[in-house]
Amino acid sequence: MVISTTTISHAEESVNSTFASRYVRASLPKFRMAENSIPKDAAYQIISDELMLDGNPRLNLASFVTTWMEPECDKLMMASVNKNYVDMDEYPVTTELQNRCVNMIAHLFNAPVWEDETAVGVGTVGSSEAIMLAGLAFKRKWQNKRKAEGKAFDKPNIVTGANVQVCWEKFARYFEVELKEVKLREGYYVMDPVKAVEMVDENTICVAAILGSTLTGEFEDVKTLNDLLAAKNKEAGYETPIHVDAASGGFIAPFLYPELEWDFRLPLVKSINVSGHKYGLVYAGVGWVVWRSKQDLPEELIFHINYLGADQPTFTLNFSKGSSQIIAQYYQFIRLGFEGYKNIIGNCMENAQMLSKGLEKMGCFEILSKDVGVPLVAFALKDSSKHTVFEISESLRRFGWIIPAYTMPPDAQEVAVLRVVIREDFSRSLAERLLSDFEKVMKEIEELPSRVSNKVVHVTAMVDEVKGGQDAVHKKKSVKETQEGVARYWRRLVDAEKKTSGVC
């Protein structure tokens, strides 16, 4: 979300609309509520005119979030848009649909269904809330164990890779948990399970593995992590569990890689989150978290309320939320079934592979994403000494494409990449058009003078002079050194943008 700041309103700052002037002659204040009402047609037209300047969601290849659903599902969502999901007693069928979704996901993730170990789960507004809830469960269970043993419980930590999504950093900061990150390295952009287990200590509440890295789409090796951690637990007397952040990969692996062991088949995996609004194929606003058993979700975290009717157990960070996304998720499950999901995700993978091969044939890109993982293509320039991926990203916007460029986390921050996420509504013809636009952009950029390399060489020469004194020799930098300098330059610009944009 964006943190909005208040703005000093000036008389000349107002909202004007050409067509709305048929109904409203006076301008509307932009940052203060108007004194008088306006006709509904005018309000609609004013907002519609402003929204025309937004990007096209289907051409936003930065996002994993679903941007198209069938009209029948759209109707169901609109019919339930006025239902508050938390009113379970008033909307029992909606509650039942959520329970069915949780059960379907639990079975999909091979959760135990025996009498002594039955999985439990909840719907959330996305994987960020799901991760917060899972993290709280791990922290509370660890604290209870430490209290019972008479040991200190004030320094909990989580072990993750540096490639985790920002919601893990939020959890650590908001709930006072140390985040111990396994650094990346060039050529290896996921958490190393060996290094992760080495960082585990008696204060580790869990190790978080990512099934589908945001950076490259790669699946982390949860099976190896489970085996190594089990050995360390036995040796040190720990009971450190695993959480799998399957926000992107949870609705991919079961359909395309059913033999891959990453879920509740592994005994140390105690909870899994997944985003329904990503490859669960639902519009933004729904996520899920499932625990292996009731014992993995401390009872004291569950609230019981009765002022909306009957006794209602709830474990959420927020209270009110819409029912539409829950209903949409159930629609997709019964509409598509296993076969439908497998076909859609398989088609996404084929389009990703087609795009990857097309980019590779251009000769100027190195593909960083893997064949097994989330259907996306992450790639870097082979030579970024003259131009950068940031220039390419900026130039592609002229054609309507929104493709992110970013630098990798530590210790691979010298690598700058572009990423294209393939969703259901990204067709083969769109992939071909994107490749054509890439060729146009690359041809244009190659004819332009370098925008940053001269600055980087100048700066590094100044550094040499400071280090070596007045007699320093200004040596010409190697291609690799220049590329690393360019990456650092752009990283500073990106970091500066983050600090001032208010985006969190």
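Residues are numbered from 1 along each chain as its sequence is written. In this predicted model, local features need pLDDT of at least 70, side-chain atom pairs count only at pLDDT 80 or more, totals for chains, interfaces and linings use all residues, and side-chain values use heavy atoms, with hydrogens and water left out.

Strand 17 spans residues 416–421 and is largely enclosed by the rest of the structure, because 6 of its 6 residues are buried (under 20% relative accessible area, 1.4 Å probe, protein chains only). Strands are DSSP runs of E with at least two residues, numbered from the N terminus. One side of strand 17 carries Ala416, Leu418 and Val420, the other Val417, Arg419 and Val421, and all are buried.

Strand 17 pairs with two strands, pairing requiring at least two DSSP bridges.

A search of the whole structure finds 1 cavity of 30 Å³ or more. A cavity is a set of points on a 1 Å grid over the protein atoms alone where a 1.4 Å probe fits but cannot get out; lining residues have an atom within 4 Å of a point. The volume of the largest cavity is about 70 Å³, taken as the space filled by probe spheres set on the points, which are joined across faces, edges and corners. Its lining comprises Phe64, Thr66, Thr67, Trp68, Lys278, Tyr279, Leu281, Arg423, Glu424 and Asp425. By class, 4 lining residues are nonpolar, 2 polar and 4 charged, where Ala, Val, Leu, Ile, Met, Phe, Trp, Tyr, Cys and Pro count as nonpolar, Asp, Glu, Lys and Arg as charged, and the others, Gly among them, as polar.

Notes: On a 1 Å grid over the protein atoms alone, a cavity is a set of points where a 1.4 Å probe fits but cannot get out, and a pocket is an open set with protein on both sides within 12 Å along at least five of seven lines; lining residues have an atom within 4 Å of a point. Buried means under 20% relative accessible area, exposed over 50%, partly exposed in between (1.4 Å probe, protein chains only). Helices (H or I, at least four residues) and strands (E, at least two) are DSSP runs, numbered from the N terminus.
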